[in-house]
Amino acid sequence: MIRLRGHHLICLHFFKGEGYPPEFVAYLGSILERAAQGEQIEVVSGPDDVCEKCHFLKVGRCLFNANADEEIRKMDEAAVLLQRTKKNEVVSWRDMRENLPLVFNSWFKKYCGVCEWRQSCEKEEEFRSMSDMGAP
């Protein structure tokens, strides 16, 4: 079973491997492949299977920047509420993906504007269309 924290249930749908070391990209790719093939996902609070191999994770905390761990935990809580799931619930990647258009506008307004990886996501047509960036 794959363990994913809240914001990964949304953000990983747009992951393309930019800005990370090649070995981490390959690892994330394997997680996404397992999810796409139907492996069940347990919603967790705090570091998950993605974080496990991230070089910013130290002693169970994200040290991407001074406030990262607190900010990420708040994002996780918001994502779990938007996706209408809860800690320890088992979900499918397919269900999270199908629900994404219903929650993305709220997510985009609150989190994408300040995200370090937004430029990468903006390259994706799906991201642009859900965020109304592709609208004339």
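Author: We may begin with the term "pocket": an open set of grid points where a 1.4 Å probe fits, with protein on both sides within 12 Å along at least five of seven lines. The model discussed here is a predicted one. Its largest pocket has a volume of about 920 Å³.

Reader: What makes a residue part of the lining of the largest pocket, and which residues lie nearest its centre?

Author: A lining residue has an atom within 4 Å of a point of the pocket. For the largest pocket, 39 residues line the space, and those nearest its centre are His7, Tyr20, Met75, Cys115 and Trp117. Two or more lining residues come from each of α1 (8-11), α2 (22-36), α3 (49-52), α4 (68-82), α5 (93-111) and α6 (118-121). The largest share belongs to α4, with five residues.

Reader: How is the lining of the largest pocket divided by class?

Author: The lining has 27 nonpolar residues, five polar ones and seven charged ones.

Reader: How do you know what length to expect of helix α2?

Author: The expected span is 1.5 Å times one less than the number of residues. With 15 residues, α2 is expected to span 21 Å, and the distance from its first C-alpha to its last is close to that, at 21 Å.

Reader: Why are the buried residues of α2 said to line one face of the helix?

Author: The buried residues in question are Phe24, Tyr27, Leu28, Ile31, Leu32 and Ala35. Viewed down the helix axis, the buried residues of α2 fall within an arc of 135°, and therefore they line one face. They pack against β1 (2-5), β2 (41-44), α3 and α5. On the face turned away from the buried side are the exposed residues Pro22, Glu23, Ala26, Glu33 and Ala36. Following α2 comes Gly38, with a positive phi near 105°.

Reader: Why is Asp76 called buried?

Author: The cut-off for "buried" is under 20% relative accessible area. Asp76 has 6% relative accessibility, so it counts as buried. This residue lies in helix α4. Apart from neighbours within four places in sequence, Asp76 is in contact with Arg5, Gly6, His7 and Gly46.

Reader: Why does Asp48 count as buried, and where does it lie?

Author: Asp48 lies in the loop between β2 and α3. Its relative accessibility is 2%, and it therefore counts as buried. Beyond its neighbours within four places in sequence, Asp48 is in contact with Arg3, Leu4, Arg5 and His8. Asp48 and Arg5 are 43 residues apart along the chain, yet their C-alpha atoms are separated by 5.8 Å.

Reader: What makes Leu100 a buried residue, and which residues is it in contact with?

Author: At 0% relative accessibility, Leu100 counts as buried. Its place is in helix α5. With neighbours within four places in sequence set aside, Leu100 is in contact with Ile10, His13, Phe14 and Met130. Between Leu100 and Ile10 there are 6.9 Å from C-alpha to C-alpha, although they are 90 residues apart in sequence.

Reader: What is the phi of Arg84, and why is Arg84 called exposed or buried?

Author: Arg84, likewise a residue other than glycine, has a positive phi, near 55°.

Methods. Residues numbered from 1 in each chain as written. Predicted model: local features only at pLDDT ≥ 70, side-chain atom pairs only at ≥ 80, totals over all residues. Heavy atoms only, no water. 1 Å grid on protein atoms, 1.4 Å probe; cavity = no way out; pocket = protein on both sides within 12 Å on 5 of 7 lines; lining within 4 Å. Points joined across faces, edges and corners; volume = space filled by probe spheres on them. Helix = DSSP H or I, 4+ residues; strand = E, 2+ residues; numbered from the N terminus. Nonpolar A, V, L, I, M, F, W, Y, C, P; charged D, E, K, R; others polar. Buried < 20%, exposed > 50% of the residue type's maximum accessible area, 1.4 Å probe, protein only. Arc of directions from axis to C-beta. Contact = heavy atoms within 4.5 Å.
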